[in-house]
Every structure is written in C-alpha cells, then in structure tokens.
Amino acid sequence: MAQEETAGRTPLEIAEPIDDRALYARITRRIVPYLFLLYIVAYIDRVNVGFAAIDMKRQLGFSDTVYGAGAAIFFIGYALFDIPSSMVLQRVGTRLWIARIMIMWGLIAAAMAFVRTPASFYTMRFLLGVGEAGFVPGMLLYLTYWFPSHERARAVAKFMTATSLAGVFGGPLSSALLRLEGLGGLSGWQWLFIAEGIPTMLLGISVLFVLSNGPTQASWLNFQEQQWLVREIERDRTRYGATHYHAFADAFRLPILWLLIFVYISVQIGVYIVNLWMPLILSSLSTSKHDSSWIAGLSTLPYLLASIFTVIAGWSSDRWNERSGHLAGCMAIAAIGFALAAMAANVQVALIAFSLATIGMLSAMGPFWALMTRSVSGSAATAAVALTTTLGALGGFTGPYITGRLHEATHSFTAGLNAIAAFAAAAAVASLMTKKVRA
C-alpha cells in the first residue's frame, strides 16, 4: 500500500514537510545580522559629516549654505547612478557588486579627511554618493530573494534598524574620535572620516566570502529547503500580481508606485534633516558651552528610541498583514515631531521633538518596503526600488540644502522644520490613499 501511495511522486513530495517558521528564523539569523552590519557602516559614512560639522565648519570657514550644499550634494551623485548601479547588480550578482560598492565608497569616505575648500567638499560628497549608489536597492532586493511579502516587513525592519543604531553607535564613536584633536597633526573631524571609512573597505572584502547570490547558491540550505523556498517566493509573487509586473518598464505603470515615491521623498527629507542638521540645531539651542563631542553623544537618544520602535512597527505590520495604516501612523508621528521641533526653545524640548520625528520616519521603513516590493518581481522590482531610492535621494538633497539657505536668510530653523512637518503630514494622507489604489 505504501508503495502505491508513493508511486509517481517526486523526491521533494516524499520528503518531510518543511517547518517554515524554523526555516525563516534560520535565514534571518544567517543573513539579516550581516546585512545589518553592512548598512550600519554605510549609514555612518553617509551622515558622519553631521557630527563633524561643528568643528569642520569652524576650522575651514564654511558657511551654513556651503555646509548644507555639500551635505546634500551626496544625493545628486547617488541619484544619477542609483538605477544604473542597480541594473548592473542584477546582472553580475549581489556578492560581487556589493563588495565593489563598499570598497569604493570606503576609500572615498576616508579621503573626506583631506577636504580643504568648498569645491573639494562638494566633489568628495558627490563622489561618495556615486560610490554608494545601488547599495540600498541591492540590499532590499536581496531580502526579496529570501522572504515572501508576509514575512518581509519584519526582515526589512530588522535590517532598517541599522539606520537607527548607526546614530546610536555613530554618536559615541564620533564623540570619541572628535577628541583625537591634534593627534598626528590631524583634527578630530579628520580622524572621524578616516577611522569610519577603513572598516567599510574591510567589510567590502568580506562580502566576497560571506554572501551567496540567492537560496539556490546557499550551501547552508539543503536541496529540499532551497526548492521549497524558491516555490514559496514564486507563489507569493503570483498572489500579489508580481508575475504580471516583471519587465523593467512595468514598474512605471504602477499607480501605487508614484504615491509611495512621494511618501519616500518625504521620509528622506525628514531623515536627513535629523541626520545632518540635528547636532547643529541642538548646539544652537544650548545655553551652556558644551563642545561638539557632548552634542554628538546627546544626539544618540532619538536613534536609540527609533531602533526599538522600528522593530515593533515591523512586527505589528507583519502580524496583521497591514501596511498602509502602519505607514500613515508613522508619518503622522513624524509630522508631530517636526512641528514640535519648530517651536522648541531649549535642548530638552528639541530632543523630545527629534525623537518623535526619528521614530516616525525610521519606523515607516518596514511597512513601506513590504508594500513596495510585494507587487513586482525581476527587472520591474529592480526598477521600482531603484527609482524610489533615486527620487528619494533628491529629497535627501533638497531638505538639507534648503534648510541651510533658510537658516542663513532667517537665522532660524523654524521655517524649514514647519515645511518638513507639512510634507510628513501629506505623506500620511498619501499612505492611506494606497489602500484604494490597485497595484
């Protein structure tokens, strides 16, 4: 009888059933902490100029406009090369291309220590953006190879907590490095760039030995697990219509994509105001003669709180399989935070305000990317993610640059912070609208 039941069945059908919870847990343990580490160093290299700004501006004589433009021009280089870099990544594989990206931007990040003029500052920030282009889309697409959409918000949220913890680790680390003032004839801000660029290059080399290009090349999965996961991912894509949006041009025909891009631009404007201007805003409100290292340490609190709430938001979004409402709630919290920051008259209130803004902006990333990536696959997924991060980079440029110009013109951060609060509120409305827009 047993022989009759198994006749004509494949080995995969006869094998023991897969424990999906255990498998996803093992995948999470295997790849997410490593991707998390890569993103932490990426984010530190991207925003450490915010911690260096106080001493750097004073020693090099940079105005608010020069600093704001230099901090923001990173995103021009990033935007110009993000889509091309992402398309190359899809062709040559994650392992080789992510290694190339990290080694290149680590070299440029360390070389930031030798800027002397506004022109050299602009050039190095632009090249840093070029070097990092394709990294975030590559990481997000890599997660779609391993997790179906109903598991993805938690995985993305854990990965995205790197943006929060980069601030937690980056603040004390930058504070310590800034105290190396004069060592070896270099300023503290120069040591900051050098010491935070070298680990990126080393990690880039490690990618060649750690990452596989997907489940079918993962030696730590057996054949049955590999095939089950491939089928599960394909089933998920079919359920949400991803198999209908596979070619590169398909991404541009998705109505929901353009709503989500607006949300992402608003997020990036807010995130980089916090990253690049929060230390200077806190310093401007301080009535005590605290040095830049004290401000850098104080700036870790918003990121620490955001790292906790990012995981909670991702868990809740997956638990209820709900994206739009979670995204709208996060953006509403961010809007309240920026509006409160615009009214802050002391460091304590500003710190509470920036904590709310940071929690809202960074906690949005889990539900946002789960919603973005579940409706497309193949080249369309590459195009959708790269287009989103590319246009988001323009938001990252606009916010810091306009903030610098407005502050120089009005001698106040109020107008800029109120504008960002309005963008976040509009993004909350757009998030709710995604419920009614078919992918």
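The model is predicted, with local features requiring pLDDT of at least 70 and side-chain atom pairs counted only at pLDDT 80 or more, whereas totals for chains, interfaces and linings use all residues. Residues are numbered from 1 along each chain as its sequence is written, and side-chain values use heavy atoms, with hydrogens and water left out.

The protein chain contains 18 helices and zero strands; helices (H or I, at least four residues) and strands (E, at least two) are DSSP runs, numbered from the N terminus. Of its 439 residues, 59% count as buried. Here buried denotes under 20% relative accessible area, exposed over 50%, and partly exposed the range in between (1.4 Å probe, protein chains only). Contacts are defined by heavy atoms within 4.5 Å. Among contacts in the protein chain between residues at least 6 apart in sequence, 84% join residues at least 24 apart.

The largest nonpolar core comprises 139 residues, and those with the most contacts inside it are L38, F135, W146, F338 and W369. Helix α3 (residues 20–60) supplies the largest share of this core, 23 residues. Such a core is a set of buried Ala, Val, Leu, Ile, Met, Phe, Trp, Tyr and Cys residues joined through side-chain atoms within 4.5 Å. When neighbours within four places in sequence are set aside, W369 is in contact with L140, V156, M160, Y264, V385, T388 and T389.

Helix α11 (residues 255–285) and helix α15 (residues 347–363) pack at an angle of about 165 degrees, their axes lying 10 Å apart. Axes are lines fitted to C-alpha atoms, for helices over the stretch in contact, and angles run from 0 to 180 degrees between N-to-C directions. The two helices, α11 and α15, are therefore roughly antiparallel to each other, a class assigned to angles over 145 degrees, with angles under 35 degrees roughly parallel, 65 to 115 roughly perpendicular and the rest oblique. To this contact α11 contributes S266, V267, G270, V271, V274, M278, I281, L282 and L285, while α15 contributes V347, A350, L351, F354, T358, M361 and L362. By class, the contact of α11 with α15 has 13 nonpolar, three polar and no charged residues; Ala, Val, Leu, Ile, Met, Phe, Trp, Tyr, Cys and Pro count as nonpolar, Asp, Glu, Lys and Arg as charged, and the others, Gly among them, as polar.

S266, located in helix α11, counts as buried at 1% relative accessibility. Residues up to four places away in sequence not being counted, S266 touches M331, M361, F423 and A427.

I103 lies in helix α5 (residues 94–111) and is partly exposed, at 29% relative accessibility. The C-alpha atoms of I103 and G204 are separated by 5.1 Å, although these residues are 101 residues apart along the chain. Beyond its neighbours within four places in sequence, I103 is in contact with M201, G204 and I205.

Most residues other than glycine have a negative phi. In N321, however, phi is positive, near 50 degrees. N321 occupies the loop between α13 (300–319) and α14 (324–343) and is partly exposed, with a relative accessible area of 34%. H411, also not a glycine, has a positive phi of about 60 degrees. H411 is found in the loop between α17 (378–410) and α18 (414–433) and counts as exposed at 67% relative accessibility.
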